[in-house]
Amino acid sequence: MGDNADYDEAVANLRACLLSAKGGVSLSELNNDYKKIVGESLPYRKLGYPSLEEFLNDIPGLLITKRGNDWNIIAKPTEDTVHLAQMIARQKSSSSKNRTRGLTAKRRRPAARSGRTPSQFDMPSMNSQQRKGSSTNYRAVQRVPSLPPLMQNPPKKTIPPLIEKPPRYMLPNPGIPQTSPSKQLSDRMANKSANLNTRNQPPTVAYKNKVTTQNLLSEKRTPPTPTPLIPPKPGLSIQERNSKPVQTQSKIVKSISDRLNFKPQTSPSPPTVLSPLSPSQLVAAAAAAESVASSTPPATPKTLQVKTMWPLNSQHQNPCKQLEIYTQSMKLPKPSYKVVKSSAKRQGSFFYCKVKIGSYGCTSYPEEIATSEEATRAVAAKALHELLQINGPLSSLTETTNKNLVKDRVVAIVAEHSNGVFMHQIPKYYQEQFRENLPEDWEKIIVETSEIFKEKGAHDSTILCLPYPSPRSKHRSSDKVAEAISPRVEKIELNPIGPPVPGVLKPPVDEYWDLCITCVLDTTDIWARLIGEEYSDRIETMLNELESYYQKISNAPGVKDIEVGKYYAVQVEEYWHRVQCFEYNAKTGMAVVFFIDHGDDDTYHYSKLYPLEKQFCKIPAQAIKLTLANLEVFNDCAEVIEYLEEVLLGQILVAEVLSRELGEEVTASVILYDTSKEQEVNLNDFLFNKISENILVPKLNQGHVSEAYVSHVTESGDVYLHVKSDSMKYLVSLMNTLIQTGLTSEDIQRSEVKNIDRSKLYLVRCVEDGNWYRGNVASIEAHNRVDVFLVDFGKTIIVKKQDLLALDQLSEVLPKYPYQAFKVRLHNIPEAMFSSEMATKLTLLAPPDQVILVKIITPALASSPPIVELVKRCEPNNIVVSINSTLAMDPNLAGSNGDGNNNTTRPKKRLERSVSRHSAAGDGELVTRNLKPPVIPDFGRYFDVHITMAASPGNFTVQPYDDRVHLEAMMVQLQEVCVNYMGSAPLSDSIKEGSLYAGKHFDGHFYRVCVSKIINDQMVTVYFCDFGDFSVLSTDKLQPLGRQFLDLPYQAIKARLVGIQPLNIDWSVEDCLRFQELVVERNFVSIVVDSGPDQLSPGDTVLGLKLIDVSGETDIYLDKLLIAEGRATAIEG
């Protein structure tokens, strides 16, 4: 056979050719398609095959089936799993079970990283899921919940099934007479006048399961009465309810910091301020307090009393404002809110809100609240109530101004707590002991002292400790007592009652750990053993005893009665190990076990397993789980495993611990260092660089056909591609993590741009879509505006300077992540020939969500990008089309807009458009081929409408409600005529822009359409005259539209909601989705307010409407509802 390189290249190109075709390619067309895409015929003879059939039969991963009189070839998707299976097979052996002697030799510590920028990954690592279930994944890592993406990967284009629900032109409840919205409105107004005297208060109403108030939404409004955040108890008047403090009914799960402020359960008397408690005293103090509370009546407090509610100020009735004032006064971090929208199939949408104040957090869950604003207010009130219970009310104490005095006093407070004190408790203890308030910058002051160091606690809390014994320990009566209470002494370990079970390892509290990597699975699943006197020395001694014991009984078979969850000893080669059983098959006698001192799993016969004796369970399981900080996103990348094994497996390293969590197993987020040589190496950075160079950098392989998406096309002919790979997926995940969970007010303040540096990468917010992107500043314009080049999309946008954030202040990885926009130029289309019309057509031929094939014709040079050929397949027949040739041969795009004699053809085209509205009918009769406009009521009149689609409150489409019955009848008749049509499709040269046809939609039904754009001889863009949407159809989906279908006026009318405007420049994505949820496919009474030209298409008219929902018990004005939800503001006048 031929050369291996030639064979591999031919197979790779063949697979690209097959994968681009839905349903495969026939054998008779395969060679032609290959030649169109690659530029040459399939070289099977050059490779030594006598026929094409034998060449195909020799390629693994191809599915060849008989289809009619021909053969059909499909590239099997399982081909991609071959490499993955190899990686999985390698994972099972990716551990080091050979016990290396002499692990007590620690590596030197790496140099301190000064000014390390906080990253979005500095968070506690998550526990693994319990090792149960299928044997294919025994250490399944708990993944971060997926977030709504702000940067979308190109979605897969799918065609909906023909009929899954009734056609959109069918009326609901066929056969039942419909009541018009205006009739419902008039009936309700009559009932309202009859019952007016019986109403004392606007009732709370449910609007699609969203709680709103009538006084905000009805046309005639009375002064609003605040809706209580929590439903009041029966029997109380409104005044009594409003005078009582706001209390939450939701159960609060107490965190450690909450339980530090334990108060006895007393009824009417206010709680007292308790003495400071250190974290280690927590449980004992709580238990003692409970005992006292149950036996002793509450004593009258003699110290400062804590009021149950912060006194409200008439100027600040908003709980959010109250909370902000309280946190500022108490020297606490600024509240940071996060709103989460949830929805249920039957109950509609509702909101939860979470507020974060330093390490303290509070959520409105489980209350289901109608709007995001109400949810924010509810959680603010709840947080304020809890903080008052924890820290007490505001006081009139003076503020300490002497920085040295602040240092000495805080050191004294910390010294009172031998095991440390939570940082957020310091202001409270300071007030109690010194009757003064800390200054606002007290945290910065204590950072400057070397007498206090910080340690991360649970739930992102911070513990302040002294690096030496507390001052009190200097006055102990003897050194022996001091030694007895030293944290360095070996802890007392009690044996559990029941079967022998090794405990959970307690790692050191130090910032750096010495460890040996024993197992590598992915970037979030790395296992290691700690090195040191407390760890490696003890386990080494115990394993020696384990070997001596089990070596004597190894000739006898193991136990047959294997129990899942129990611990055993197993011999691997010459060493014995401790394992835990996670799965057992009684039929085969095979057990899946986890090596508790190494972190990997394997399968053994029961005869190899011996019960683990009690004396070998005294030492905890030694395997600790590590996550590589800043590399978590690559945990599903199979290629990364090879680098991890090469760099980490079996190495003795130093880990800088960024966060840790103790549970069923020890987990930690770390940065690994190799300090064995003179020059220390940050292995996290080293691994990222390898991943970046080999996986993340977009590449087009020379000589191969690659798959890609067209991201952006400039008028000068630069085409930017997204090469199809996982790199964009990882970037989207990193960006979403930063934007959704990392952009706090402190982050934004820290990363504000004062001086623009064109060499730096910025996080930039695009005003058009509200999304965040990475970008470089291309130029600085007037009025504080800058041109920013989006490095991952190839597009240049204009933004204000305040829309830029310094990316290096927000993330360590994103500034170094390779740019994803890959620049190319098109073969056979010189730059002088390219135009804006050609760029538009290229975008239509290759939309961002459609995969195209790319072949390099001329490789990239130092000063120019590669020259490529773009190829796509056109449905429905999978025809291979060269995009380059299509653009180059289009007479409307090439050269000047003339007839060859420098005479413009534009007037002629306008004449053709005007004549195209007429066509000859039978017997030479000339019939007008246009649709009449619908009748619109005069300004100020009611207009019943049905809304078919909506983009935003400023752009939606309505149909006249009174014409819906006629529309349905016409559509039913149109289906009958088109299904029975036996004629041919219109010829391509007869199709003109503005012509009317019956077009077959993807849902399988025919509609009245108007041709708005001719893409090529086979594809046109059409407008659906009765529903308002656009679509691209092939010309064979068009049929002539009979005269009987021209009588009914077109039904789609563009409209906008008047009287309101967005809070910002444009409607946000959340606002648009909410509006769609409220109006699409629903009936409304509207009031015609005005009309005007469409800003996007000045030839069209847009109606300005007020929408009234009369489907419920209360009339709801949509403009007032959006204002009440905090999504819009009223327009004056």
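A residue counts as buried under 20% relative accessible area, as exposed over 50%, and as partly exposed in between. Keep that in mind as you look around this predicted model, because lysine 823, at 33% relative accessibility, lands in the partly exposed group.

- Helix α11 runs over residues 372-391, and its 20 residues should span 28 Å at 1.5 Å a residue.
- Most of α11 is covered up, with 15 of its 20 residues buried.

- Arginine 578 and aspartate 597 meet through their side chains in a salt bridge, at 2.9 Å from N to O.
- Arginine 578 sits in strand β15 (residues 575-585), while aspartate 597 is in the loop between β16 (590-595) and β17 (601-605), so this pair ties together parts 19 residues apart in sequence.
- Arginine 578 has 0% relative accessibility, so it counts as buried.
- Aspartate 597 comes in at 3%, so it counts as buried too.

**Aspartate 718 and its two partners**

- One partner is lysine 823: the two side chains form a salt bridge at 3.6 Å, N to O.
- That pair links distant parts of the chain, 105 residues apart, with lysine 823 in strand β30 (residues 822-826) and aspartate 718 in the loop between β23 (705-713) and β24 (719-723).
- Another partner is arginine 825, whose side chain meets that of aspartate 718 in a salt bridge at 2.5 Å, N to O.
- Arginine 825 lies in strand β30 and aspartate 718 in the β23-β24 loop, so here the parts tied together are 107 residues apart in sequence.
- Aspartate 718 has a relative accessible area of 13%, so it is buried, and arginine 825 is buried as well.

**A five-residue network**

- Salt bridges with shared partners join Asp1071, Arg1074, Glu1077, Glu1125 and Arg1127 into one network.

- Where is aspartate 1003? It lies in the loop between β38 (996-1000) and β39 (1006-1014).
- Its relative accessibility is 15%, so aspartate 1003 counts as buried.
- The side chain of aspartate 1003 reaches the backbone nitrogen of histidine 1005 at 2.9 Å.
- A polar contact of 2.8 Å also joins the side chain of aspartate 1003 to that of tyrosine 1007.

Note on methods
Residues are numbered from 1 along each chain as its sequence is written. This is a predicted model: local features need pLDDT of at least 70, side-chain atom pairs count only at pLDDT 80 or more; totals for chains, interfaces and linings use all residues. Side-chain values use heavy atoms; hydrogens and water are left out. Helices (H or I, at least four residues) and strands (E, at least two) are DSSP runs, numbered from the N terminus. The expected span of a helix is 1.5 Å times one less than its number of residues. Buried means under 20% relative accessible area, exposed over 50%, partly exposed in between (1.4 Å probe, protein chains only). A salt bridge is a side-chain nitrogen of Lys or Arg within 4 Å of a carboxyl oxygen of Asp or Glu. A polar contact is a pair of N or O atoms within 3.5 Å; within protein, one must be able to donate a hydrogen and the other to accept it, and residues adjacent in sequence count only if both atoms are side-chain atoms.
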